[in-house]
Amino acid sequence: MEDEVDRLVSAWRRERPDLDVEPLEVLSRVSRLARHLDRARRLAFSEHALEPWEFDVLTSLRRAGAPYQLSPGQLLTQTLVTSGTMTNRIDRLTKKGLVERLPDPSDRRGVLVRLTATGQDRADRALAGLLDQERAILSELSPQERGQLAGLLRQLTAPFDNIPG
């Protein structure tokens, strides 16, 4: 079965036979898959009235376990955004009733961000919808193939995920 990347690689081999275009065979497919995944995620989140960034913050809190709260600094670390961006996001989620700010009992000047019951329900439902979308994307692969692909992708991503600083 031929795909768009096969056609792209074939054209480059014809036009630039002096270049080794083999990396395109893998990484162009990863890039195209990322775009399809982004569309599927946006669809899953929109069905639950969430933006992708809202899902990221809510699920960071949900994964923290009961009582589903983190400091803004911990949220920064998990979502990789700036302090100002996180403050804005917390403000917007608070207005929607999905999170609440509480005083940090261990730091008089600090606050904690806690997931509300509504926020937890929305995060849980959006996650279930996302997993349905992702299962559909992976449906052409056997469980063994999914495991192999996960291992190979881990080899590629781990060095980026483990850069100090």
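At roughly what angle do the axes of helix α3 and helix α4 cross? Keep in mind that this is a predicted model.

## Where α3 meets α4

The crossing angle is roughly 115 degrees, and the axes come within 10 Å. Helix α3 covers residues 52–63, while helix α4 covers residues 72–79. Angles of 65 to 115 count as roughly perpendicular, so that is the label for α3 and α4 relative to each other. As for handedness, the α3 and α4 crossing is right-handed.

On the α3 side, the contact is made by Asp56, Val57, Ser60, Leu61 and Arg63. Facing them from α4 are Leu75, Gln78 and Thr79.

## The largest pocket

The largest pocket holds about 910 Å³, and 26 residues line it. If you want to find its centre in the viewer, look for Arg29, Leu33, Leu138, Leu149 and Leu153, the lining residues that lie nearest to it.

## Who builds the lining

Which helix gives the most to the lining of the largest pocket? That's α2, with ten residues. Helix α2 spans 22–46, and at least two lining residues each also come from α1 (4–15), α6 (117–138) and α7 (143–161).

Sorted by class, the lining of the largest pocket has 16 nonpolar residues, eight charged and two polar.

Technical notes: Residues numbered from 1 in each chain as written. Predicted model: local features only at pLDDT ≥ 70, side-chain atom pairs only at ≥ 80, totals over all residues. Heavy atoms only, no water. 1 Å grid on protein atoms, 1.4 Å probe; cavity = no way out; pocket = protein on both sides within 12 Å on 5 of 7 lines; lining within 4 Å. Points joined across faces, edges and corners; volume = space filled by probe spheres on them. Helix = DSSP H or I, 4+ residues; strand = E, 2+ residues; numbered from the N terminus. Nonpolar A, V, L, I, M, F, W, Y, C, P; charged D, E, K, R; others polar. Axes fitted to C-alpha atoms, helices over the stretch in contact; angles between N-to-C directions. Parallel < 35°, antiparallel > 145°, perpendicular 65-115°, else oblique. Left-handed = near helix turned anticlockwise from the far one by under 90°. Contact = heavy atoms within 4.5 Å.
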